[in-house]
Amino acid sequence: MPQNTIPTFSSRVLDWFDQHGRKDLPWQKNPSPYRVWVSEIMLQQTQVATVIPYYQRFMQRFSSLKRLALADQDEVLHYWSGLGYYARARNLHKTAQLIHAQHRGRFPAGIEDLVALPGIGRSTAAAILSLSRGQHHAILDGNVKRVLARHQAIDGWTGEAKVMQYLWALSEDLTPSLRTADYNQAMMDLGATLCTRSKPDCGHCPVAEDCLALCEDRVMQLPTPKAKKSLPLRDTVMLVIEQENGILLERRPPSGIWGGLWSLPECESKDAIAQACKQRWGMQVQQLSALTPWQHTFSHYRLHVYPYAVNLLAGADRVMDDQRYIWYNSNTSQKLGLAAPVKYLFNQYNTA
Ligand code: SF4
């Protein structure tokens, strides 16, 4: 078919959406700005199938923005526990509180107001307003970047400012003013189901006919990956201190890894454990036993965790006065947001 007789990009995408697009995802029912916002934040860095049960549980508990705004951060983190990237949950909570306080609980209807809120970038704001209110805004999430970078054979890492600027211009140009919500949903679906990172199904793609990456046999080379750096390695010693009333947990600082979550207390080395227990909690260590170490990989470094079971001679009265610490028992304690090492430990040793 000569180039000028191919239907427009958006009409092919919309036709495909009408036949194959996902239309029964939980957040597509009654797509209020609040419901779409929560889904969009959960879907950042997490796949749809993983998100669905988390979303349903979250919405059952926080069925409105007001409920989320008035909830305790610990409980919000508890319902997020397992999804990772906890800054998303903290920002979600903070933003709900801001909207509740500053916008009388009503979601802002302008894109500028939305991007001013914590955790809402330009693409997320555009998705919220287009999917819930039908406003005409282009989106550029990871899926859309991949489809466009391949379809137009755009070289360069998509996180680079110049490449990003070009992709935004392209996305704006292609996004139709009619059926914007369907088109945006379709582009996300296309990237998630056909134009996937590792096994693109070009044979069923509605825009294959003029896809430059396919034509140039460069599908697997695009989008251009970020130049690789080897991840630095860090070590930490974690203390597993268990008594009748549970295991000792420490709340982590609000920012940084596992920010605001409850984790095992840490120490710089095995040799420093006895002294740390005495100074921090007035505990006398009787015996230390090394447990199996494990590795946790973050986006910017790898952490080697060396856990030690600490047997005590004396009690730990000082700990109970300090709100940074808790004796946690999964059967009786309140719902808390637990950091990955604690969950790992529970799985490994079936403790607390
Ligand atoms: S033809 Fe293949 S590479 Fe091109 S947009 Fe479609 S799925 Fe992606």
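The shell around the ligand divides into 8 nonpolar residues, no polar ones and 1 charged residue; here Ala, Val, Leu, Ile, Met, Phe, Trp, Tyr, Cys and Pro count as nonpolar, Asp, Glu, Lys and Arg as charged, and the others, Gly among them, as polar. Before I continue, please note that this is a predicted model, in which local features need pLDDT of at least 70, side-chain atom pairs count only at pLDDT 80 or more, and totals for chains, interfaces and linings use all residues. Residues are numbered from 1 along each chain as its sequence is written, and side-chain values use heavy atoms, with hydrogens and water left out.

Which residues are around the ligand? They are Arg-150, Cys-195, Cys-202, Cys-205, Val-207, Ala-208, Cys-211, Leu-214 and Val-219, each with a heavy atom within 4 Å of the ligand.

I turn to the cysteines. Cys-202, from the ligand shell, counts as partly exposed because its relative accessibility is 25%; buried means under 20% relative accessible area, exposed over 50%, and partly exposed in between, with a 1.4 Å probe and protein chains only. Cys-277 is buried, at 0%.

Next, the overall fold. The protein has 15 helices and 8 strands; these are DSSP runs, helices being H or I of at least four residues and strands E of at least two, numbered from the N terminus. The C-alpha trace spans about 85 × 50 × 30 Å along its principal axes. Of the 352 residues, 49% count as buried. Among contacts (heavy atoms within 4.5 Å) between residues at least 6 apart in sequence, 66% join residues at least 24 apart.

Two further residues deserve mention. Ile-154 lies in the loop between helix H9 (142-151) and helix H10 (161-174). Is Ile-154 buried or exposed? With 9% relative accessibility, Ile-154 counts as buried. Residues up to four places away in sequence aside, Ile-154 touches Leu-148, Ala-149, Val-163, Tyr-166, Leu-167, Leu-170, Leu-222 and Thr-224. Its C-alpha atom is separated by 32 Å from that of Ile-52, 102 residues apart along the chain.

Ser-10, finally, belongs to helix H1 (residues 9-20). Ser-10 is counted as buried because its relative accessibility is 12%. Beyond its neighbours within four places in sequence, Ser-10 is in contact with Leu-174, Pro-176 and Tyr-183.
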